[in-house]
Structure formats: structure tokens, C-alpha cells
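Student: I would like to learn how to read a few features of a structure. Could we take them one at a time?

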Amino acid sequence: MNSDPAASATSRRGLFGPGLLVAAAFIGPGTVTTASIAGASFGYALLWALLFSVLATMVLQEMCVRLGLVTRKGLAEAMREAFAGHWYGPAAALLVVAAIGFGNAAYEAGNITGASIGLQAITGINASIWSLFVGLVAAALLASGRYRVIERALVAMVLVMSAVFLFTFLMVRPSLDVLLSGLLRPTLPEGSLLTAIALVGTTVVPYNLFLHASAVREKWPAGDQVEQSLRSARLDSGLSIGLGGFITLAIMSTSAAAFFATGGEVSAATIAQQLEPVLGPAARYLFALGLFAAGLSSAVAAPLAAAWAVCGTMGWEQDVSARRFRLVWLLVLAAGTIVAVIGARPLTAILFAQAANGFLLPICAIFLLLVMNRSDRLGTFRNGLLSNVLGGAVVLVTLGLGGLKLLQVFGVAG
């Protein structure tokens, strides 16, 4: 009989850790759509952006794991304490609220649009009408607090869709030379920059930086050995994020084979064709159900994540029944629903939502680096040279991609 309460609690929570939450966040409609567009439009040329994104996610989430296990605080709480009493404290809080609040609103628009595309594919009814329906369903689930009742069914559908992508990838069997070239030789074909930024934004999800630090405290309670918990958490994160990256690789590859190699054009009506080698005519329906499930589950998670992050940063009560907490998730959900309803081109809306995340990522990463170098908070677990170099590289690359896009917008760069 196990008499250790912490061990018993961990056992009851199952074998899978919070790393799966991080992976699940980027196996949503944004990833499916963005990876499909990348493969259809540019073949395997942007695989390097995916590889960078997966490695960046591992680097940043490892820092969040250390923060949560050592300080027993989430990133928002740690930032508020670290910047308290300094002149730049209010500015830092404002930037975080803007990055997470507005970023999640854009992300939410992509989630709702993705779920609506799935329903449109099944029923033929315009996605804008379904966007309002999905937004109302998500609001009802959040208000009732019973969203976890359908969570397992939604996750199951997403996993089935992911498995089909993997089987299709094995059937397509792209050349190893082509894959390695795309992974190891960074190139930006004409018109691909926004898609590359979107690939980063849909993989390195900013709100995961806030959620992961809090989630590890639930999986590995206080009183556990920090070193042992850290090893387990790192393994959990690495395997989960790696699996998520491999699924995204499969989506890009199947899309490249279905559209880029044949000269076809990906759209809301044709996007499911990449699964036809395995499913035949049934591809449309399984893809649609998977996209709907991924969209609705993410449409519930993103506003909640925004509420936790914003309330934690501002020092507000973080109870799900608190008035300010409810107001934050309601504003994020409402903004995402409105954008999804008025969006004229669904796939373009999803792509831009992921690109917005890519632009906002450096802000969150910089604040994470500042917190992780506080020896008074983390002691010997603060960032070392390697962590700072890798984290700094993530910030520089994402700033460089975003800056290059801005130069293009203003006509300075070609």
C-alpha cells in the first residue's frame, strides 16, 4: 500500500504529464491549416521553420517547468513579484496583458474559424454562421464550468485525425533527401515569410509559457524531490513536444504530396484531400470532425488561459468564478467570435491568427528570460549559459522574422 500522499495523487492523475497540454495546444486547427498551406504552397522548403519551432518550444517550456517546480509559482505570479517596486513594472504588466490578451483573441478567432470550417464541410452551411454557433457553445461551456465533460471525446477525435495523418505520411513516403534538405537548409521562397512566422506562432504558443509552469505544480506536488521531478518533467515535455512536431511534419508532407507536387490549390473545400490515400471519400468527414474537435477544444482553452495569465499578472483573483476572471475570458471569446464571423476567407484568417502569435512570442520570451535569471528566486536552478544562449537565439530569430515582415510591408525589403 502506498502511504505517500503526493505519490498517490500523482498516480491518480495518470502517467501522462502536462507536456501533453503543450503538444495539444499546437495540434489544433491553426496547425492543421498552417502546415497544410505551407506544404501546399512551398512543398518541403519551410520544414526548417518547423524544426526551429519545435526546438524553441522545448527550450522555453523547459524554463517554465523549472520555474514552476522550484518556485511553486506560475510565470504571471513570478513576473509580478520580480518587477514589483521597479519603474518598469507597470509597463511590463501592460505588455504581458497585451501580448496574452490580444494574442489569444487572435488565436481564438483561428480556433473558432477552424471548428466552423469542419462544420461547413459536413453540412454545406456557411462557416460564418457556424462561427457564431461555435462561439456561443464555447461561452456556454465556460460559463457552466462543465467543459471537461466533452473534453475527452474532443481529444479522442483529434488523436484519430493525427493518427490518420501519420499513416498517410507513411504511405506518401517522401524522399529522405528532400526532407533533410527542407529541415537543414533554411530558405524563404517568395511569398513564404508570413507562413514561416505562422508556423512559429502555431507551434510556440505564448500562453503555454504561462500554463506549463502552473500545470507542473499539479503533477509534481510540493514536497517531492525537485531534481527527480525536474527529470520526469523534462522527459514528459520532450517526448510530448517531439510527438506534436512529428505530427505537424506529417501534415506538411501529406499536403506537399497532395497539392504542391500536383499543382493543386489548397482551400477550405479541398484541404481534406491530403487524407484520401488512406481514407478515400471518407477523408472529408473524418478531417471535418477532427478539425471541429480541435477548434472547439481550443476555443474553450484559449480564453481560460488568457484569464489565468492576465489575472495573475495584474494580481487579481484567479478563481474561475471571480468577476474579473470571467470578464477576461468573455472579452477574449467575444473578440475571437466577432473576427471569425466577419472573416471573408477562413484559411487566411487562421493563418494570420498564427502569425499574430509569432509576432507576440518574443515579448513573452524576453520576460521569461528575465525571470529565469533571478538567482534570488531560483537559486542554483536559474538559467545557465546554455539556456540563455538558446533562449536568446529564439528571441533573435523571432524578432528577425517579424522585423523582416515589417520591412516588406513598408516596401523596404523585397
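Student: Which residues make the nonpolar surface patch of about 480 Å²?

Tutor: This is a predicted model. In it, L51, L55, L176, L180 and L184 form that patch.

Student: Which helices each supply at least two residues of the nonpolar patch?

Tutor: They are α4, spanning 47-71, and α9, spanning 176-184. The most comes from α9, which gives three residues.

Student: Take L51, which lies in helix α4. How does L51 count in terms of relative accessibility?

Tutor: Buried means under 20% relative accessible area and exposed means over 50%, with partly exposed in between. L51 has 32% relative accessibility, so L51 counts as partly exposed.

Student: How are two packed helices described?

Tutor: By the angle between their axes and the distance between those axes. Here α4 packs with helix α10, residues 193-203, at an angle of about 30 degrees, and the axes are 9 Å apart. The angle makes α4 roughly parallel to α10, because angles under 35 degrees count as roughly parallel.

Student: What is the handedness of the crossing where α4 passes α10?

Tutor: The crossing of α4 and α10 is right-handed.

Student: Now V300, in helix α14. Is V300 buried or exposed?

Tutor: The relative accessible area of V300 is 7%, so V300 is buried. Helix α14, where V300 sits, covers residues 283-314.

Definitions and conventions
Residues numbered from 1 in each chain as written. Predicted model: local features only at pLDDT ≥ 70, side-chain atom pairs only at ≥ 80, totals over all residues. Heavy atoms only, no water. Patch = residues over 30% accessible without salt bridge, like charges linked within 9 Å, V, L, I, M, F, W, Y side chains within 5 Å. Areas by Shrake-Rupley, 256 points an atom, 1.4 Å probe, with all protein chains shown as cover. Salt bridge = Lys/Arg side-chain N within 4 Å of Asp/Glu carboxyl O. Helix = DSSP H or I, 4+ residues; strand = E, 2+ residues; numbered from the N terminus. Buried < 20%, exposed > 50% of the residue type's maximum accessible area, 1.4 Å probe, protein only. Axes fitted to C-alpha atoms, helices over the stretch in contact; angles between N-to-C directions. Parallel < 35°, antiparallel > 145°, perpendicular 65-115°, else oblique. Left-handed = near helix turned anticlockwise from the far one by under 90°.
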